Amino acid sequence: MTRKYFGTDGIRGRANGVITPDLAMRVGQATGIAFRRGEHRHRVVIGKDTRLSGYMIETALIAGFTSVGMDVLQLGPMPTPAVAMLTRSMRADLGVMISASHNPYEDNGIKLFGPDGYKLNDEVEAEITRLIDSDLGKQLSSSAMLGRAKRIDSAHARYIEFAKRTLPRNLGLDGLRIVLDCANGAAYKVAPEALWELGAEVITIGDDPDGFNINKDVGSTRPEALSNKVRELRADLGIALDGDADRVLIVDEHGQVVDGDQLMGVIARSWQEDGRLSAPGIVATVMSNLGLERYLAGLGLSLARTAVGDRYVLEHMRANGFNLGGEQSGHIILSDYGTTGDGLVAALQLLAVVKRQEKPVSEVCHCFEPLPQILKNVRYKQGRPLDEKPVVSAIKAAELMLGESGRLVIRPSGTEPVIRVMAEGDDRDLVLRAVDEVVEAVTKAAA
């Protein structure tokens, strides 16, 4: 199967470099054709984050979809999980999110959802790829059958109400002072309002997007500003979303960051106690800390590991009956509520535990002591550095060095030209040495 356009999370690249108006229009046409099923009027919902290039890409997509007879419902800036939810709720044939998630503003992307709200599988992406490269002019609609486009002003209220309903009606957030970092991204309107309507005192940062500042020194990939603000205001906790709000990190009352592994541990235990786990375990990726695996084992729960990417976590969850999974980076998938990672809903599940236990966030969220884990990235321009003989030898040597008391995970990023080298184990010095030796070999090969 070709991966000419699609990566692990849709199509992503430099705006007006990889993601051009021409490509966006052809994606709209190709995807619209692939999802034309039956004689009814077909509909697609389109959301976006706050990047400057979102205007260009949205307009090009609309041209593509309407040219093949699809009506377009424009949601404006909305979180990725909201687009997935509204695709189902509005009975659309297709959902589109224009976002490059946690990447800087220069990048953008196109994420596609089927009518069930799930991201498209490899086979459908392959068919869309084939159509993009075909002669689309022969499949355009007649003048009388062109699609229409209109903006849906009620979309924000619909998603806020959906998020609030994931909590019991008798459980509010009264008495909690929360600092919310919206990453100058897609959730800058809906997330503060949802928390305020639930009774919390909300102080926001990263809520003033200008087209250029999405994820810039804010958000789940840069939580330092949130940590400082939590300590300054003596807040109970901080919540950091990323640019499209499908991932979340928490900052406790001391300003310490709580990652996705700890969040999954908190929710897993809570759901186990409430009898809400649909299977005796959760799903995470190869990057999740070994400490989480040991903690879950102590609860009698398993940890199934997948390749990196929330789509692979979700595929395993659906195939094996799990309703909780996620990534260390903060993608938390709660399939009782949604079809993709939802930063706001995951945060609300944690807040429910905090309210019930009436303990500080630092106590609630410290489920386990993470093993020393070191991750380093090596950027490369071209080629396949991991196939070089010195790199293969260095990897084997590092695996022998760590033995059975640790893990080594090496993978190319699915969204950028970077090799990620991660190791963990009980001995931090040994872990660091293993990573450094592999990084040195990959760096030389990349050069």
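A: By class, the lining of the largest pocket comprises 15 nonpolar, 20 polar and 12 charged residues. Here Ala, Val, Leu, Ile, Met, Phe, Trp, Tyr, Cys and Pro count as nonpolar, Asp, Glu, Lys and Arg as charged, and the others, Gly among them, as polar. The model is predicted: local features need pLDDT of at least 70 and side-chain atom pairs count only at pLDDT 80 or more, while totals for chains, interfaces and linings use all residues. Residues are numbered from 1 along each chain as its sequence is written, and side-chain values use heavy atoms, with hydrogens and water left out.

On a 1 Å grid over the protein atoms alone, a pocket is an open set of points with protein on both sides within 12 Å along at least five of seven lines, and lining residues have an atom within 4 Å of a point. The largest pocket has a volume of about 1,200 Å³, a volume being the space filled by probe spheres (1.4 Å probe) set on grid points joined across faces, edges and corners.

Its lining consists of 47 residues, and Arg247, Met287, Gln328, Ser329 and Leu375 lie nearest the centre of the pocket. At least two lining residues come from each of strand E11 (257-258), H8, helix H10 (310-320), strand E16 (373-379), strand E17 (406-412) and strand E18 (418-425). Of these, E16 gives the most, with 4 residues. Helices (H or I, at least four residues) and strands (E, at least two) are DSSP runs, numbered from the N terminus.
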